[in-house]
Amino acid sequence: MNYNDALNFIEKKQSLGIKPGLARIMSLLESMDKAQDKIKVIHVAGTNGKGTVSSTIAKCLENAGYKVGLFTSPWVIDYREQIQINGEFIPKNVFADYVDKYKKADATEFELLTGIMYKYFADSHVDYAVIECGMGGKGDATNTEKHNLSVITSVAVDHTAFLGDTVEKIALEKSGIIRENSTCVLYPNPDCENVFEKVCLKSNTKLVKISDLGDYDKNNLETVKAVLRELKISSRYFANETVKLPARCEKIGSVLLDGGHNINSALTLAPKLNGEVAVIGMMKDKDVEGYLSLIAPKCKMIIATTPDNPRSMPCQELAEIAKKYCNNVTFEENPQKAVEIAKKSNLSLVCGSFFLAREIRKDLL
């Protein structure tokens, strides 16, 4: 199986959708000689900032001389970016070999990807594996290792169909990555801090709470530093700022590209906006109304579009919601065409979904 065959095979599994539960991934990892228990895991859960925190922890550990695996999602540039060692994507031939070996497994796309990640990191003898949860925590496919240092970033309401409809229920789901007799580093979460306190107390787990510095970036960076202190990493390897990731408030020329899709993402993005010409696409299972109520008033023109994903909200529906908050709203189903139309009016913002960002980023570059 070559790389393109492997990529097509695993991407076709997306049609299976999201299937919570650990039975399938545990069965797959059993066939992989329990690879997840052969590495030191730093497990990161949260609603916002977990990719940034994970990437920054990994970079600092790499700078300190360690061999570090990093698992993040979703991808924006290259499918293989989700599995990295010291900043290098998993090689195409290695990825293809793993897919070929485990292609008969009863697993969703994310479960197979997760299994390959653990096996690759174990086979490569990484010193640390920094692993970002895909969604939630307790029922997430990454949540399989016996021991870890757990990290909880900013928690907010998202993925309500799977995780619950209150921040407390979502926090409880994310607390599922916390292990007994271990350490948990907690980003400032005043609305649900008590949930994590109770879980850590019951699990005899050390809870390291970060003081609120009043700024997402500063709080993320302080969370990273707390993790490194727990690992006894010298402060000379601490970062002065978090790693900048593609499609996270990324400036490409005169266009701001952001894949954030929930209220907290909108609260971070909105202060950066003023009279934007925007292309917006979103998934229908997100709080579209809440997001647009914060972003659309900052736009002088919006072209709603439909990202290439079965969960996407049709652009006509998105446009109708956006019209409540912006006087100049049109729609174009094809994202590339939407961008070309918006460029004629000085496009300055593309936002609302990582799936949209993935489609558009190459065109912007």
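**Figure 1. Elements lining the second largest pocket.** Helix 3 (50-63), strand 2 (68-71) and strand 3 (83-85) each contribute at least two residues to the lining of the second largest pocket. Helix 3 gives the largest share, four residues. Helices (H or I, at least four residues) and strands (E, at least two) are DSSP runs, numbered from the N terminus. The model is predicted: local features need pLDDT of at least 70, side-chain atom pairs count only at pLDDT 80 or more, and totals for chains, interfaces and linings use all residues. Residues are numbered from 1 along each chain as its sequence is written, and side-chain values use heavy atoms, with hydrogens and water left out.

**Figure 2. Centre and make-up of the second largest pocket.** The space in this pocket is about 350 Å³. Its lining has 19 residues, of which Ser55, Leu70, Gln84, Val243 and Leu245 are the closest to the centre. A pocket is an open set of points on a 1 Å grid over the protein atoms alone where a 1.4 Å probe fits, with protein on both sides within 12 Å along at least five of seven lines; lining residues have an atom within 4 Å of a point. The volume is the space filled by probe spheres set on the points. By class, ten lining residues are nonpolar, five polar and four charged. Ala, Val, Leu, Ile, Met, Phe, Trp, Tyr, Cys and Pro count as nonpolar, Asp, Glu, Lys and Arg as charged, and the others, Gly among them, as polar.

**Figure 3. Strand 1 and its side chains.** All five of the five residues of strand 1 (residues 41-45) are buried, so the strand is largely enclosed by the rest of the structure. Buried means under 20% relative accessible area (1.4 Å probe, protein chains only). Val41, His43 and Ala45 point one way from the strand, while Ile42 and Val44 point the other way.

**Figure 4. Partners of strand 1.** Strand 1 runs parallel to strand 5 (residues 128-132) and is joined to it by four bridges. Histidine 43 is opposite isoleucine 131 of strand 5. Four bridges also join strand 1 to strand 6 (residues 149-152), again in parallel; here alanine 45 has isoleucine 152 as its bridge partner. Two strands pair if DSSP finds at least two bridges between them.

**Figure 5. Setting of the close-ups in the protein chain.** The chain contains 14 helices and 14 strands. Of its 365 residues, 57% are buried. The C-alpha trace spans about 55 × 50 × 40 Å along its principal axes.

Methods
Buried < 20%, exposed > 50% of the residue type's maximum accessible area, 1.4 Å probe, protein only.
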